[in-house]
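Welcome, and please take a moment to look over the sequence and the model. We will then walk through them together, one place at a time.

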Amino acid sequence: MSEKSISQMIVDNLQQEAMRLEHHGFPLDVFPEKLRSVVLRLRDTNGFRVEYTCAVILTVAAGLIGATHAIKVRTGWNLIPSLYTILVGRPTVGKTPPINALLAPVYQSDSKAIAKYKVEISAYQKAIKEKSDNIGPRPILQQTVVSDITPEKLARVLNDNHRGILICVNEIISLFKMARRYNDSSFNELLLSLFSNSPILVSRVNADIPLYLQKPCASIIGTIQTKVVSEIARLGG
């Protein structure tokens with residue numbers, strides 16, 4: 001099967017699935033009553049599409065829960081919530097607004113954490129400069145959402161946030177392009193390991209001790225235009 005026919009098949013399937021959801025309705029009964037009311041209120045007041053809002057809720061929830069909880073499938077097999085979600089639709093159909101609205105409280109929390117970290121790291125650096133006798137451990141930035149990532153930067157963030165993180169990329173195609181830039185497939189392997197919560201060992205150029213992530217956890221959410229979906233196949237996604 002040619003690359004073009006595969007791409008067209010993906011687009012056709014996405015369009016058919018979207019039409020099915022619109023015709024039959026998203027299964028809102030999977031959510032608690034309070035969440036259902038939020039979804040419907042955002043639909044009625046902001047014009048958010050139900051399927052987009054629900055997908056964002058599930059992914060944000062997975063990112064916030066992270067490695068704090070796991071489902072025991074069987075002995076020795078525990079699943080940590082990790083969701084990789086792409087909102088697909090035409091331009092101006094309203095893919096990004098639900099993400100921004102539902103992540104607003106998380107962004108606010110991260111903003112406070114960054115402000116706190118700036119104060120702490122400043123005091124830490126001052127203590128080192130002054131060769132103080134009371135130098136504590138280096139402050140760690142606790143955050144939930146990241147956007148601008150590289151393999152090494154992502155590994156550092158995960159090492160500092162054992163609970164896990166949520167990777168939010170507005171145009172998800174940029175993530176596929178970044179993955180292709182790493183010819184050794186290190187980025188692809190990192191994302192696959194994150195999805196399966198498999199251990200990750202990252203050797204850093206400027207450090208003698210590699211980073212070892214025993215149970216890494218991350219969820220991803222982003223958007224893509226319908227006409228750009230075929231480019232994922234071209235990029236090898």
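**A walk through the model**

The side chains of Ser82 and Asn197 are joined by a polar contact of 3.5 Å. A polar contact here is a pair of N or O atoms within 3.5 Å; within protein, one must be able to donate a hydrogen and the other to accept it, and residues adjacent in sequence count only if both atoms are side-chain atoms. Before going on, please note that this is a predicted model, in which local features need pLDDT of at least 70, side-chain atom pairs count only at pLDDT 80 or more, and totals for chains, interfaces and linings use all residues. Residues are numbered from 1 along each chain as its sequence is written, and side-chain values use heavy atoms, leaving out hydrogens and water.

Let us stay with Ser82 for a moment. You will find Ser82 in the loop between strand E2 (77-79) and strand E3. Helices (H or I, at least four residues) and strands (E, at least two) are DSSP runs, numbered from the N terminus. Ser82 has a relative accessible area of 9%, so it counts as buried; buried means under 20% relative accessible area, exposed over 50%, and partly exposed in between, with a 1.4 Å probe and protein chains only. The side chain of Ser82 also reaches the backbone oxygen of Ala218 at 3.4 Å. Leaving aside residues up to four places away in sequence, Ser82 touches Leu194, Phe195, Asn197, Cys217, Ala218 and Ser219, where contact means heavy atoms within 4.5 Å.

Asn197 is buried because its relative accessibility is 13%. Its phi is near 55°, a positive value in a residue other than glycine. Lys131 has a positive phi of about 55° too, although it is not a glycine. Lys131 belongs to the loop between helix H4 (96-129) and strand E4 (145-146), and with 71% relative accessibility it counts as exposed.

Next comes Thr85, a residue of strand E3 (residues 84-89). Thr85 is buried, at 14% relative accessible area. Its side chain makes a polar contact with the side chain of Thr59 at 2.6 Å. Not counting residues up to four places away in sequence, Thr85 touches Ala55, Thr59, Ile220, Ile221 and Gly222.

Now for the helices. Two packed helices are described by the angle between their axes and the distance between the axes. The axes of helix H2 (residues 33-46) and helix H3 (residues 50-65) come within 9 Å and cross at roughly 135°. That makes H2 oblique to H3. Axes are lines fitted to C-alpha atoms, for helices over the stretch in contact, and angles run from 0 to 180 degrees between N-to-C directions. Angles under 35 degrees count as roughly parallel, over 145 as roughly antiparallel, 65 to 115 as roughly perpendicular and the rest as oblique. Leu35, Val39, Leu42 and Arg43 in H2 meet Val50, Thr53, Cys54 and Ile57 in H3.

For H5 (residues 151-160) and H7, the axes come within 10 Å and cross at roughly 30°, which means that H5 is roughly parallel to H7. Here Pro151, Leu154 and Leu158 in H5 meet Ser186, Phe187, Leu190 and Leu194 in H7.

Finally, step back to the whole protein chain, which has 8 helices and 8 strands. Of its 237 residues, 36% are buried.
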